[in-house]
Amino acid sequence: MNFRDKVLSNKFVITAEVTPPRGVNVDSYIKRSLLLKGKVDALNVTDFQNVGVRLTSLVGSYLLLKEGIEPIFQITSRDRNRLAIQGEVLSAYVLGIRNILVLTGDYPTTGIMKDAKPVFDVDATNILNIIKNLSNGEDSSGKKLDGIPQFFLGAVFNPNLTPLELEVLKMRKKHEAGAEFFQTQLFFDLSLIERTRSLIKDWEPKILAGVTIFKSREMLNYMISKVPGIKIPSDIVEMLENSKDIRKRSIEFCAELCLKMKESGLVNGIHFLASRPSDILEVLELLGW
């Protein structure tokens, strides 16, 4: 059963993100990704994460596919106009890639290459509409395609943002544009998902909850001060900062959080953000998953 079938049949799924290399040596990228083969249901391949130069998500996804790992190809509109987006999406299908996660993307000023000029020709919802058009046999100019792609589309949802009603409205628009699953930003308060579901009466979103493992105090501070849209409660920050081994305590806490989320029945899976594969394996081992 592939990732799409598991999500649509309400299996509890596990995904994680991996980052393509900064350079042309792919050995470490493949080695790290293979650690998670058979342990997670699919791997997201980030798209110029932190606005830094890396191999593209398309190539990173194809490399995983060749290793027998199901990829989720991430694509943002920050660095591409609608022409480039459609070209990459069609190329992904030809390469055998079937899962796509669509994002608008953060502004370059939030990342490494701050002087890069952003594109933002379209937003995430428009990308979804464009891909839906491709799946109906036309590009965005109305030209007929020779061969029609079909994808399993996802988008992101941030329950930390307020008002939550506005975020849920954006989620609905993405769903209507074709998104069939949602991966969230890192969050800790399950009542936000309970409230989200209470605001949606006519469909049941497939939500994969974002979790992470803080490997160091530097990473914790970076996530707090540099990553947009993340809220880490003060008691959790205090708990981690006062621990003798922040990585070990974070692995234990992440396992506790994953179990709580699964037992709540409020989410359809877990998505590991910015976590090392070796640390993810320790969490899964603690959980017996």
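In this predicted model, the axes of helix H8 (residues 217–226) and helix H9 come within 11 Å and cross at roughly 160°. An angle over 145 degrees counts as roughly antiparallel, and H8 is therefore roughly antiparallel to H9. The crossing in which H8 passes H9 is left-handed. On the side of H8 the contact is made by Arg217, Leu220, Asn221 and Ile224, and on the side of H9 by Val237, Leu240 and Glu241. Sorted by class, the contact of H8 with H9 has 4 nonpolar residues, 1 polar residue and 2 charged residues.

**Helix H5 and its two partners**

Helix H5, which covers residues 124–135, packs with helix H6, which covers residues 164–176. The angle between H5 and H6 is about 15°, and their axes are 8 Å apart. Angles under 35 degrees count as roughly parallel, and H5 and H6 are therefore roughly parallel to each other. Their crossing is left-handed. The residues that make the contact are Ala124, Thr125, Leu128 and Lys132 of H5, together with Lys173, Lys174 and Glu176 of H6. By class, the contact of H5 with H6 has 2 nonpolar, 1 polar and 4 charged residues.

Helix H5 also packs with helix H4 (residues 82–94), here at an angle of about 50° and with the axes 11 Å apart. H4 and H5 are therefore oblique to each other, and their crossing is right-handed. In this contact Arg82, Ile85, Gln86, Val89 and Leu90 of H4 meet Ile127, Ile130, Ile131 and Leu134 of H5. The residues of the contact of H4 with H5 divide into 7 nonpolar, 1 polar and 1 charged.

| Helix pair | Angle | Axis distance | Handedness of the crossing |
|---|---|---|---|
| H8 and H9 | roughly 160° | within 11 Å | left-handed |
| H5 and H6 | about 15° | 8 Å | left-handed |
| H4 and H5 | about 50° | 11 Å | right-handed |

**Backbone details in the loops**

Most residues other than glycine have a negative phi, and most peptide bonds are trans. With that background, some places in the loops of this model deserve a careful look.

Phenylalanine 120 lies in the loop between strand E4 (99–103) and H5, and its phi is near 50°, a positive value in a residue other than glycine. The relative accessibility of phenylalanine 120 is 22%, so this residue counts as partly exposed. Alanine 274 is placed in the loop between strand E8 (269–272) and helix H11 (277–287), and here too a residue other than glycine has a positive phi, near 45°. With a relative accessibility of 36%, alanine 274 counts as partly exposed.

A further detail concerns the peptide bond that joins threonine 162 and proline 163, which is cis, with omega about -5°. Proline 163 is found in the loop between strand E5 (152–157) and H6.

The structure as a whole holds 0 disulfides. Cysteine 254 counts as buried, at 1% relative accessibility, and cysteine 258 counts as buried as well, at 0% relative accessibility.

Arginine 197 lies in helix H7 (residues 191–199) and, at 22% relative accessibility, counts as partly exposed. If its neighbours within four places in sequence are left aside, arginine 197 is in contact with Glu204, Pro205, Ile207, Leu266, Val267 and Asn268. Serine 135 is 62 residues from arginine 197 along the chain, and the C-alpha atoms of these two residues are separated by 29 Å.

Is lysine 244 buried or exposed? Lysine 244 has a relative accessible area of 89% and is exposed, and its place is in the loop between helix H9 (234–241) and helix H10 (246–264). The C-alpha atoms of lysine 244 and alanine 92 are separated by 45 Å, while along the chain the two residues are 152 residues apart.

Notes. Residues numbered from 1 in each chain as written. Predicted model: local features only at pLDDT ≥ 70, side-chain atom pairs only at ≥ 80, totals over all residues. Heavy atoms only, no water. Axes fitted to C-alpha atoms, helices over the stretch in contact; angles between N-to-C directions. Helix = DSSP H or I, 4+ residues; strand = E, 2+ residues; numbered from the N terminus. Parallel < 35°, antiparallel > 145°, perpendicular 65-115°, else oblique. Left-handed = near helix turned anticlockwise from the far one by under 90°. Contact = heavy atoms within 4.5 Å. Nonpolar A, V, L, I, M, F, W, Y, C, P; charged D, E, K, R; others polar. Disulfide = S-S within 2.5 Å. Buried < 20%, exposed > 50% of the residue type's maximum accessible area, 1.4 Å probe, protein only.
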